[in-house]
Amino acid sequence: MSEELIPENPEISQTESDEPIKQRKNGLYPGVSDELAESMKSGWADTELHGLEPIAQASETAARRAALSARFPGERIVVPAGNLKTRSNDTEYAFRASTEYAYLTGNQTEDGVLVLEPTATGHNATIYLLPRSDRENGEFWLDGQGELWVGRRHSLTEAEQVYGIPASDVRELAGKLAEATGPVRVVRGHDAGIEAALADKVTREHDEELRVFLSEARLVKDAFEVGELQKAVDSTVRGFEDVVKVLDKAEATSERYIEGTFFLRARVEGNDIGYGSICASGPHACTLHWVRNDGPVRSGDLLLLDAGVETHSLYTADITRTLPVNGRYTELQKKIYDAVYEAQEAGIAAVKPGAKYRDFHDAAQRVLAEKLVEWGLVEGPVERVLELGLQRRWTLHGTGHMLGLDVHDCAVARTETYVDGTLEPGMCLTVEPGLYFQADDLTVPEEYRGIGVRIEDDILVTEDGNRNLSAGLPRRSDEVEAWMAQLKG
Ligand SMILES: [Mn+2]
């Protein structure tokens, strides 16, 4: 990447300066002649775009805003996209808009803010965005956010066409909010500047109610969302196939080869990975969130790959397969794998409308507890093991979670609507039992130690049961082996 235009002059580094660009005058910048400043003002074509198509989900985002409006009549609602975060010095992490903002607008622009202004009959929505860069005042090329540096933005008129929401200049929003009267709520945690402007008008309790509402609103997915989740899953399936094809290269290098291979698929077909890929070979499979991915990949070991592509609209898949690096499970690996498979089958079978959310977890845990007793690793009977939760030494985590814009979607939904709730058509969740025998677990026979297995699929609740969105990836051990043999050719 290139440096700022005139690196010897720190005044030009706009991200460091408090002075608004508007007040700067030509000649105030050492290193920029008046002639150059004058030249940069003009000679640019009008590139305004007309007749732009709205985003595919424009009617869905409008319906979501209508539901939000109905829940909080008479109140001003403020939903920020969030700001860029510094990685180091003058470089930033890739921006990812807040889930709440993306859900309600379909827009993903940094510093964007959705505001619902209360009216007599409901709300008027506005998205506040940074407009196109001004050429007259030099913002275009002298400001760090200038389009010469970061690329062309939509004009506010273009944004209105694309998102179906009136757009306004975000630089005026903090002042407007500071002056506004009446009840207001903001989604916290994304934009410190907006929160500061509202500091004396909001309460933590009211803001939390807003966040909870937006989390619960996402429990049931609409048709657009189901389509996006399927896209995310399909790309993820291709990413897993990519990994199997390069396992020999991973053996010659490290788990990083797997991480990089999957990431390539995520970036080419989607926006990004939906969460840090877990590329856990051998005993690393027993570390639930192994994302260092710097270990060796060895023939004879298992590879636990837990990864998901995030689509351009920010919906993510979340899939895990535990694969034999050399293409064949050993007898013991197969025994453990098949037990987890059986537990997953029991879990998936329990996903249907009207079932309790907890049912699929209970069904999978029961199978795992039965196996652990059968293998003599824990003393039965199974009822006692389940009652005391003794199986959890090796099952470690819950059997699944809601999936959507966030990999752990709807995370602040109330217990009664989520964990203690009932499954409905349109809910999408993971079913992901696992068994993990830590390398230093002296309570299991030595040959078990360092083996970790998880199988995870993305399951949509349908009117009459469920649909496995990730059925395109084999799960049964013999099918996994056949699939790998075919891909490795
Ligand atoms: Mn998961």
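# Contacts and ring pairs in a predicted model

Q: In this predicted model, what share of the chain's contacts between residues at least 6 apart in sequence join residues at least 24 apart?
A: Take the contacts between residues at least 6 apart in sequence. Among them, the share that joins residues at least 24 apart is 68%.

Q: How many helices and strands does the chain have, and what percentage of its residues count as buried?
A: The secondary structure comes to 17 helices and 17 strands. The chain has 489 residues. Of these, the part that counts as buried is 52%.

Q: Why is the pair of Tyr 357 and Phe 360 edge-to-face?
A: The structure holds 9 aromatic pairs. In the pair of Tyr 357 and Phe 360, the ring centres are 5.2 Å apart. Planes over 60 degrees apart count as edge-to-face. The planes of this pair are at 90 degrees, so the pair is edge-to-face.

Q: Which parts of the chain does the pair of Tyr 357 and Tyr 418 link, and how many residues apart are the two?
A: The ring centres of Tyr 357 and Tyr 418 are 5.1 Å apart, with planes at 80 degrees, so this pair is edge-to-face. Tyr 357 is in the loop between helix 13 (331–349) and helix 14 (358–374). Tyr 418 is in the loop between helix 16 (392–395) and strand 13 (428–431). These are distant parts of the chain, and the two residues are 61 residues apart.

Q: Are Tyr 357, Phe 360 and Tyr 418 buried or exposed?
A: Ring pairs link these three residues into a cluster. Tyr 357 and Phe 360 are both buried. Tyr 418 is also buried.

Key. Residues numbered from 1 in each chain as written. Predicted model: local features only at pLDDT ≥ 70, side-chain atom pairs only at ≥ 80, totals over all residues. Heavy atoms only, no water. Phe/Tyr/Trp six-rings, centres within 6.5 Å; stacked < 30°, edge-to-face > 60°. Buried < 20%, exposed > 50% of the residue type's maximum accessible area, 1.4 Å probe, protein only. Helix = DSSP H or I, 4+ residues; strand = E, 2+ residues; numbered from the N terminus. Contact = heavy atoms within 4.5 Å.
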